[in-house]
Amino acid sequence: MAKKNEYLTHVFPKTLIIGIEAPYNRSINIESYFQEFLNLVKTNGTPYEDAVFIKLREIDPSYFLTKGKLQEIKDLVEKHNIKEVILSEPLTVQQERNLNDFLRCKIHDRTRLILEIFEKSAHTAEGKIQVAIAMLQFDKTRLAGQGIFLSQQAGVIGNRGPGETLKERETRHIENAILKLRRQSESLEKARATQRKRRLNNQIPLICLVGYTNAGKSTILNALTKSNVLAEDKLFATLDTTTRELYIDSKKKGLISDTVGFIQQLPHQLINAFKSTLSELQYADLLLHVVDVSDPNWESHVRVVMAILKEIDVDKPMVFVFNKADKVADIEKLMPQLNRFEPHLLVSAQSKQELAPLVDFLRNWNT
């Protein structure tokens with residue numbers, strides 16, 4: 001990875017990747033934050049050769065980038081004939097429009113990047129519907145930045161007045177599409193509610209895995225239930241909720257569900273769209289908060305997850321499961337920090353022996 005504030009001197013691809021250390025960023029290890037951004041770009045399948053990393057002392061309300069950095073980026077874009085710029089931070093509609101006009105190329109921010117990843121990762125009907133709603137809501141907010149031609153009248157005369165603008169027509173089209181998708185989502189929610197009622201009536205305990213993306217939730221689910229849920233070393237490898245029966249020593253302990261992973265600055269469109277699915281957490285008897293303890297920013301990841309759980313009004317008994325302990329060179333040094341999160345378990349999902357603390361806990365849980 002290139003060093004912060006250093007512009008690479010060799011030929012860039014048509015897409016320029018810009019990692020930004022913003023003043024609001026609470027990451028302890030900024031290099032790890034930048035690597036996460038690069039992994040997002042990789043997960044989305046966007047080809048690029050290198051990235052530029054810059055530090056901002058303040059945020060310009062109109063362009064996000066300050067005047068000096070903005071000119072440096074413009075020079076870079078013109079020199080290498082860049083057609084697309086992807087930034088690591090979310091932009092307002094005005095900032096995106098202004099950057100697009102000033103740099104004369106397509107601008108993608110963090111929100112759009114994550115939405116595109118979710119769009120590609122959803123496989124179930126419910127997941128696809130939820131992501132489609134989020135994408136449409138995002139596109140609706142961006143209509144204002146698509147140029148003056150959207151304010152032109154479409155020439156339609158009728159019950160909508162002297163003429164409907166292209167923007168009004170496109171907005172109406174998006175709103176109708178969202179309404180249709182929400183109706184489909186409500187039908188699926190009714191089916192899920194029926195299944196939930198049956199489980200509650202039968203008093204079957206439910207354990208939910210929550211955590212930051214790529215913390216190892218799916219790997220833990222597979223290890224505990226002998227399943228083969230997709231578990232890859234990449235961000236948002238699994239998006240759709242998966243539920244399996246959990247047996248310990250041949251005794252059924254209940255059901256265990258894997259949920260979508262969270263991430264810093266998760267787009268609100270996605271939080272709102274996935275609220276129906278994440279509402280299942282309201283009915284959990286136990287949350288296993290899986291944390292990748294080998295990540296230098298694991299504490300900020302914990303804060304992100306806890307903040308999102310609070311936003312969706314989830315307050316359930318929780319155990320912190322510090323995963324990937326085998327990747328930490330000196331785990332003893334971390335113990336004072338880990339001990340601030342109780343109760344907690346230290347495990348590695350890659351080894352049956354190192355997963356034993358979690359298995360032992362579940363063996364004695366709810367007995």
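Which handedness does the crossing of α1 and α4 have, left-handed or right-handed? The views below come from a predicted model, in which local features need pLDDT of at least 70, side-chain atom pairs count only at pLDDT 80 or more, and totals for chains, interfaces and linings use all residues. Residues are numbered from 1 along each chain as its sequence is written, and side-chain values use heavy atoms, with hydrogens and water left out.

**View 1. Helices α1 and α4.** The axes of α1 (residues 30-43) and α4 (residues 110-121) come within 9 Å and cross at roughly 50°. The crossing is left-handed (the near helix is turned anticlockwise from the far one by less than a right angle). In contact (heavy atoms within 4.5 Å) are Y33, E36, F37, L40, V41 and T43 of α1 with R110, L113, I114 and I117 of α4. Seven of these residues are nonpolar, one is polar and two are charged.

**View 2. Helices α2 and α3.** Helix α2 (residues 67-79) packs on helix α3 (residues 93-103) at an angle of about 50°, and their axes lie 10 Å apart. The two helices are therefore oblique to each other. L70, Q71, I73, K74 and V77 of α2 meet L99, F102 and L103 of α3. By class, the contact has six nonpolar residues, one polar and one charged.

**View 3. R142 in helix α5.** R142 belongs to α5 (residues 125-142) and is buried, with a relative accessible area of 9% (buried means under 20%, with a 1.4 Å probe and protein chains only). Its side chain reaches the backbone oxygen of L91 at 2.8 Å. Beyond neighbours within four places in sequence, R142 is in contact with L91, T92, V93, E96, D109 and R112.

Conventions:
Axes are lines fitted to C-alpha atoms, for helices over the stretch in contact, and angles run from 0 to 180 degrees between N-to-C directions. Helices (H or I, at least four residues) and strands (E, at least two) are DSSP runs, numbered from the N terminus. Ala, Val, Leu, Ile, Met, Phe, Trp, Tyr, Cys and Pro count as nonpolar, Asp, Glu, Lys and Arg as charged, and the others, Gly among them, as polar. Buried means under 20% relative accessible area, exposed over 50%, partly exposed in between (1.4 Å probe, protein chains only). A polar contact is a pair of N or O atoms within 3.5 Å; within protein, one must be able to donate a hydrogen and the other to accept it, and residues adjacent in sequence count only if both atoms are side-chain atoms. Angles under 35 degrees count as roughly parallel, over 145 as roughly antiparallel, 65 to 115 as roughly perpendicular and the rest as oblique.
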